[in-house]
There are 2 protein chains.
Amino acid sequence: MALIVQKFGGSSVANAERVMNVARIVTDTYKAGNDVIVVVSAQGDTTDDLIAKALEINEKPSRREMDMLLCSGEQISIALLAMAIEKLGYPVVSLLGWQAGFNTNSTYGSARIKKIRTERLKNEVGNKKIVVVAGFQGICKYDDMTTLGRGGSDSSAVAIAAAMHADRCQIFTDVEGVYTADPRKVPNAQKLKEITYDEMLELATLGAQVLNNRSVEIAKKYNVELEVLSSLTRAEGTIVKEVTDMEKMYIRGVTKDTNVTRISVMKVPDVPGIAFKLFSKLASKNIVVDIILQSIGRDGTKDITFTVSKDNTDEAMTLLENYDLLKDSTISCDTNVAKISVVGAGMESHPGCAATMFEALYGVDVNIQMISTSEIKISVLIDLKDADRAVSAVHAAFFPEAD
Amino acid sequence: MALIVQKFGGSSVANAERVMNVARIVTDTYKAGNDVIVVVSAQGDTTDDLIAKALEINEKPSRREMDMLLCSGEQISIALLAMAIEKLGYPVVSLLGWQAGFNTNSTYGSARIKKIRTERLKNEVGNKKIVVVAGFQGICKYDDMTTLGRGGSDSSAVAIAAAMHADRCQIFTDVEGVYTADPRKVPNAQKLKEITYDEMLELATLGAQVLNNRSVEIAKKYNVELEVLSSLTRAEGTIVKEVTDMEKMYIRGVTKDTNVTRISVMKVPDVPGIAFKLFSKLASKNIVVDIILQSIGRDGTKDITFTVSKDNTDEAMTLLENYDLLKDSTISCDTNVAKISVVGAGMESHPGCAATMFEALYGVDVNIQMISTSEIKISVLIDLKDADRAVSAVHAAFFPEAD
């Protein structure tokens, strides 16, 4: 007998039929002799619909009231899922974030979980109830509703698994697991049996969109074994854990991230500390800079090129254009770019990795604008229009057996 | 400076425009120097929509989960109203039932308010915030969400007014106040300036549907001055209080109730205790009997006729048909009936009241099936098809100046 935490996203509970499907997965797990805690998100587009309702009334509502509003979404889905489980004849109780003990700080809209008071969860599980918990939400010290921000339900599930010392945390999505590339774009993408936390983090950051990043960080910190799997097919998913069998596959996947803008600052005065000043300016506004390329100085100036996420473009540009240190520089940006990456912890011991990637891109005539590498990934910035072609080519180069 | 509690029903906050309208009423009251606590119901058809969603999944969901589901409706409307008040530039905070201190018993679906812990309400009002409270809901000793049942938002508002010693509790509806008859049916119906709690209770029971009965009972018990008024016209409404100027008008109104069934039991054995046995049988199933008529005994039997509400018809009939004491009786029911009543505390001192009513009915050829009287009302049961004609005629007889 084990304690299993299962998390279902909004699309998994979007309508009555899907709610019943989730109820069957949950009760099958329970029937097999396990204790089960289920974490659910709001149904389908509920959160977006609520936000639209709010903006119709006030284009800048306070975050506190926005959290009050949004928390209703998960409240609806936990009640409906509990009713579905009742319908199948199993003991069940639904709990809101605060009832399940989620204490957060009071950063409304993107609150951090501080602690989970597990008394009630333990009681309900002890009473052999299936416990359905509202994801994405908690309560702060003022007794006010808070939300964890988008993707927060994944964090809720992993945090419960950690606090309750669950044997496994299953994250159900609409894909069957973690793939070597986006299976909708690359037909030969392969499902991974296992992946490490670090690899998963790189993949998530790079736009694989399977698991919320914070949830992987929590899982890594508390060593919670995660499984990513589909609520529709019930096939075996991908296990995310600390160490995996390295097997022969040293690359875990190829990802594409289009939420990226390239900003170029030409003719920056070539004096010490200039990069520091420029990037602290951006950091002061919480603008995260990714790949950075700096040219060798010439004629007393140099060029600095870097990438930011697309939604930071305007703020970054305004900041730089009004920075007196750059008054003689030329600043430009390009949003028609994409970042293609290969990720894998086995990369270090395979020196030919970068060469394989670059050769594949050359083979399909894709020009590389920028390059960035870490111990477990290689990223290149290319023209947006080449992105899908580039992913296919790179994937085929690393996974020839799949083609 | 006064403390005013204002309550707005679902239709008053049905869309963004109406929410803004409510926000303007609330902030105008606040601007005039008052402290304001606002109680709101779920928007428009939200509650019905949620119930439909539940029944699609489970036709017999537990009441606990139903309450969890339904509480989300008011959560949405308080957040939206708070955002609208923010938009107008006033300090505001929204509170769920439990945050506002509503402790109830654990009769899910129709919980009773046990106590209001007013600490937070007092703090927020003390900080000069407009406080928006979710009506209809509370929390029980198990820390579970509860609802007060349909119309519960009126009770929430009156209970807050009582607990906070508010100067007035304003119930905003889609009519301008309490009328001498349904203004949609009787064009000459007049708005009352004042009415007593007892009269209001009789009117509510008789189907006037302006104020929830329990809320009037709470108001009477704690002597909360109520005002019924419209959220659309902002005209002066009707004040409900303990004693009113009796003026010359001794009848407060004429009502029609079509949610009524007449059940006749013919040839009941004429033995002592038979009425007691019959009606305790019905009471044991929580079936409320209204008008009762019993014939003089003849040939060792008598006839008993009484009315129940329409939704109790089937249960009452089944109960009686299977009651062995009545195995030789003939039991029949008629749902094509309506109850017409005149209500007024001044009635006692005006002996001609019943005569005026009966004469008016006779004048338009309406046959009276049953009669029932109390100190402040006279009710008659008539054929359903005569109902509207009867109301008009009786209203014209008592309020000739209006015609």
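In this predicted model, chain A can be laid on chain B with an RMSD of 0.1 Å by a turn of 180° and a shift of 0.1 Å along the axis. The two copies are thus related as by a two-fold rotation axis. The same surface serves both copies, since 97% of the contact residues of chain A recur in chain B. Of the residues of chain A, S72(A) comes closest to the rotation axis, with its C-alpha at 2.5 Å. For the complex, the predictor gives an ipTM of 0.78 and a pTM of 0.80.

The interface brings 29 residues of chain A into contact with 28 residues of chain B. On the side of chain A that touches chain B, α1 (16-31), α2 (46-57) and α3 (63-87) each supply at least two residues. The largest share comes from α3(A), with 15 residues. By residue class, this side of chain A divides into 17 nonpolar, six polar and six charged residues.

Chain A itself has 11 helices and 20 strands. Its radius of gyration is 23 Å, close to the 22 Å that the globule rule gives for 403 residues, so chain A is as compact as a globular protein of that length. Along the principal axes, the C-alpha trace of chain A spans about 75 × 55 × 35 Å. Of the 403 residues, 49% count as buried. Among the contacts in chain A with a separation of 6 or more, 73% are accounted for by residues 24 or more positions apart. The average pLDDT of chain A is 90, and 96% of the residues score at least 70.

Of the 12 residues of α5(B), 11 are buried, so the helix is largely enclosed by the rest of the structure. The buried residues of α5(B) are G152(B), S153(B), D154(B), S155(B), S156(B), A157(B), V158(B), A159(B), I160(B), A161(B) and A163(B). The helix α5(B) is followed by H165(B), whose phi is positive, near 50°.

In chain A, A162(A) lies in helix α5 (residues 152-163). A residue counts as buried if 20 or more other C-beta atoms lie within 10 Å of its own; A162(A) has 19 other C-beta atoms within 10 Å and is therefore partly exposed. Not counting residues up to four places away in sequence, A162(A) touches I218(A), Y222(A) and V224(A). The C-alpha atoms of A162(A) and A219(A) are 7.4 Å apart in space, although the two residues are 57 residues apart in sequence.

Backbone angles were also considered. Most residues other than glycine have a negative phi. In chain A, N223(A) has a positive phi, near 55°, and is a residue other than glycine. N223(A) lies in the loop between α7 (213-222) and β11 (226-230) of chain A. With 10 other C-beta atoms within 10 Å, N223(A) is exposed. K267(A) likewise is not a glycine, yet has a positive phi of about 60°. The place of K267(A) is in strand β14 (residues 261-269) of chain A. K267(A) has 17 C-beta neighbours inside 10 Å and so counts as partly exposed.

Y142(A) is placed in the loop between β7 (137-139) and β8 (145-147) of chain A. Because 12 other C-beta atoms lie within 10 Å, Y142(A) is exposed. Along the chain, Y142(A) and K385(A) are 243 residues apart, and their C-alpha atoms are separated by 50 Å.

Methods
Residues are numbered from 1 along each chain as its sequence is written. Chains are lettered from A and ligands numbered from 1 in the order in which they are written. This is a predicted model: local features need pLDDT of at least 70, side-chain atom pairs count only at pLDDT 80 or more; totals for chains, interfaces and linings use all residues. Copies are superposed by least squares on the C-alpha atoms of residues with pLDDT of at least 70 in both. Two residues are in contact if their C-beta atoms, placed from the backbone, lie within 7 Å. Helices (H or I, at least four residues) and strands (E, at least two) are DSSP runs, numbered from the N terminus. Ala, Val, Leu, Ile, Met, Phe, Trp, Tyr, Cys and Pro count as nonpolar, Asp, Glu, Lys and Arg as charged, and the others, Gly among them, as polar. The radius of gyration is taken over C-alpha atoms; the globule rule is 2.2 Å times the number of residues to the power 0.38. pLDDT is the predictor's confidence in each residue, from 0 to 100.
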